[in-house]
Amino acid sequence: MPQSRGAGTARTPRFPYWRPPPDVRTWTWWLPVLLVVLSVVLDLAFRSREPLSFLLIGVPPLAAATRGPRRVAAISAACLLLELWMASWRTGHLTEQHHVALYLATALIGVASVLLAGQRVRAREHLIRARSVAEAVQLTLLRPVPERVGPLRAAGFYEAGEGGTLVGGDLYDLCETPFGVRVIIGDVRGKGLDAVQTVSAVLGSFRVSAHEWVDLSRLAERLELSIHRNSPRAAADAELFVTALLLEFPAGADEVRIVDRGHPPPVLVGANGARWLETCPDLPLGLGSLAPVASEVTTHPLLPGEVLVLYTDGVSEARDTAGVFYPVRDRLADRFGGRRPPAPEAVAAFVRADADCWSAGAEGEDDRALLALTVQPVPEGGNPRAGGAEHEEAWSERWDEEQERNETPAPEGDRARPERGPAAGERQLRG
């Protein structure tokens, strides 16, 4: 996510006077200069009886559209001097009645242009401050993905479908609790401000309740209750719901517990390729009253280095120009299957770039979020960021030892390394 500045420090950035700011189109910036040059060149070329200085009267308003009041004042004064200079070439024109009227009109229009430029600059500064505050609020609501939460190493991305916003209808959060690291990823039905309000209600409840409720299914019930109590849409929209995955990584256990409330299933990426993790889907949050039964918790073992990929339907339902959905699992399997377990950062970066290429040229954009997670405890006194290199080195040593015990020559390439756990597709579920 982009970083924002505090509202109190938002100022209009200053740029060299000879170069247009990034938010101004180049041709609009140079248009006043071109009009001045055109007026002078035509006057010198044709030497008509009447000077063409009347063209200069349009320069100050054009300058006011792209420049500040001081520069507009300087340009207006320069245009007035040019009119006097061009009239002085012709005998009797300098103080002629029509030219005097032209001088007065240029001066009055110059003053009005300076006032307009000042108003435009003030409005722009106000907009910058308002946007800075809005960005700060949005980033407080949906925090950037942390690099590490307890023993969990994380990476991901978030993109709002509506232009000019940082937060849409997708949500995620990670927090370390007495029960282990807990994670939520979800998608609110709908878009716009109403969806953002529901996102706020769900995340606010998760950040409090995740530290209080031992059972994940009870945590899901608390989130459901928060939607009915705190979402402004709940009373007016009977079809309001939030699809979500709730995950728990217990401390000291190589496993993950999952509650699925109608969300796309996670993908596990490891040395054996990529596979779906089986869950027990329940009704989305907000619709639980239709079937008031506690959600079932599924438990999956995790091998060292395996990356768990969570995403919203903005990723899995990205379409190409033929209308085909983006195949998340297949693309991950093609990219990372049979290799060393990838880093979460590499997985997130690949999906983001690959999904962009897949949907290039297709119409419509949706909010999309993705989290790539792997359990990687930090060694005592070690550097959290060095864990990936230490893990790779330890795995290489174990592979070499296995080859020596078997007394067989080691095949070439990473793909020939032995599998480090159950065969692809094998699942272990514990209620």
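Two strands count as paired here if DSSP finds at least two bridges between them. In this predicted model, strand 6 and strand 9 meet that condition with four bridges, in the antiparallel sense. Within strand 9, histidine 300 is the residue that valine 256 stands opposite.

This pair belongs to an open sheet of five strands, ordered 3-4-5-6-9, with antiparallel pairing. At its edges stand strand 3 (170-177) and strand 9 (298-301); each has a single partner strand, so one side of each is left without a neighbour in the sheet. From one strand to the next, the twist averages 20°. Helix 5 packs on the sheet and touches strand 3, strand 4 and strand 5, and its direction makes about 10° with that of strand 3.

Strand 3 and strand 4 run antiparallel and are joined by eight bridges, and a hairpin connects them through two residues. In strand 4, arginine 182 is the residue that cysteine 175 stands opposite. Strand 4 in turn is joined to strand 5 by eight bridges, again running antiparallel; here valine 181 has phenylalanine 249 of strand 5 as its bridge partner. Strand 4 is mostly covered, with nine of its nine residues buried. In a regular strand, side chains alternate between the two faces of the sheet.

What does the largest nonpolar core contain? The core has 50 residues, and those with the most contacts inside it are Leu174, Val183, Leu246, Leu247, Phe249, Leu310 and Leu373. Strand 5 (residues 242-249) gives the most to this core, with six residues. Apart from it lies another core, of 21 residues, which includes Phe157, Ala274, Ala318 and Phe350.

Leucine 246 shows what surrounds one of the residues with the most contacts inside the largest core.

Helix 6 (residues 216-230) has 15 residues, which at 1.5 Å a residue should span 21 Å; its end C-alpha atoms are 21 Å apart, which agrees. An α-helix has 3.6 residues a turn, so residues three or four places apart point the same way.

The loop between helix 5 and helix 6 holds histidine 211. Is this residue buried or partly exposed? With a relative accessible area of 35%, histidine 211 is partly exposed. Its contacts, leaving aside neighbours within four places in sequence, are with Cys175, Glu176, Thr177, Pro178 and Phe179. For histidine 211 and cysteine 175, 36 residues apart along the chain, the C-alpha atoms are separated by 8.7 Å.

Threonine 106 counts as buried because its relative accessibility is 1%, against a cut-off of under 20%. Its side chain reaches the backbone oxygen of leucine 102 at 2.9 Å. Beyond residues up to four places away in sequence, threonine 106 touches Ile57, Cys79, Leu80 and Glu83.

Leucine 55 lies in the loop between helix 1 (26-46) and helix 2 (59-64). At 25% relative accessibility, leucine 55 counts as partly exposed. Leucine 55 touches Leu35 and Ser39, with residues up to four places away in sequence not counted. Between leucine 55 and cysteine 79, 24 residues apart along the chain, the C-alpha separation is 9.7 Å. Cys79 is also one of the residues that threonine 106 touches.

Taken over the whole chain, the secondary structure comes to ten helices and eleven strands. Of the 431 residues in the chain, 42% are buried. Among contacts with a separation of 6 or more, 70% are accounted for by residues 24 or more positions apart.

Terms used: Residues numbered from 1 in each chain as written. Predicted model: local features only at pLDDT ≥ 70, side-chain atom pairs only at ≥ 80, totals over all residues. Heavy atoms only, no water. Buried < 20%, exposed > 50% of the residue type's maximum accessible area, 1.4 Å probe, protein only. Polar contact = N/O pair within 3.5 Å; in protein donor to acceptor, adjacent residues only side chain to side chain. Contact = heavy atoms within 4.5 Å. Core = buried A, V, L, I, M, F, W, Y, C linked by side-chain atoms within 4.5 Å. Expected span 1.5 Å × (residues − 1). Axes fitted to C-alpha atoms, helices over the stretch in contact; angles between N-to-C directions.
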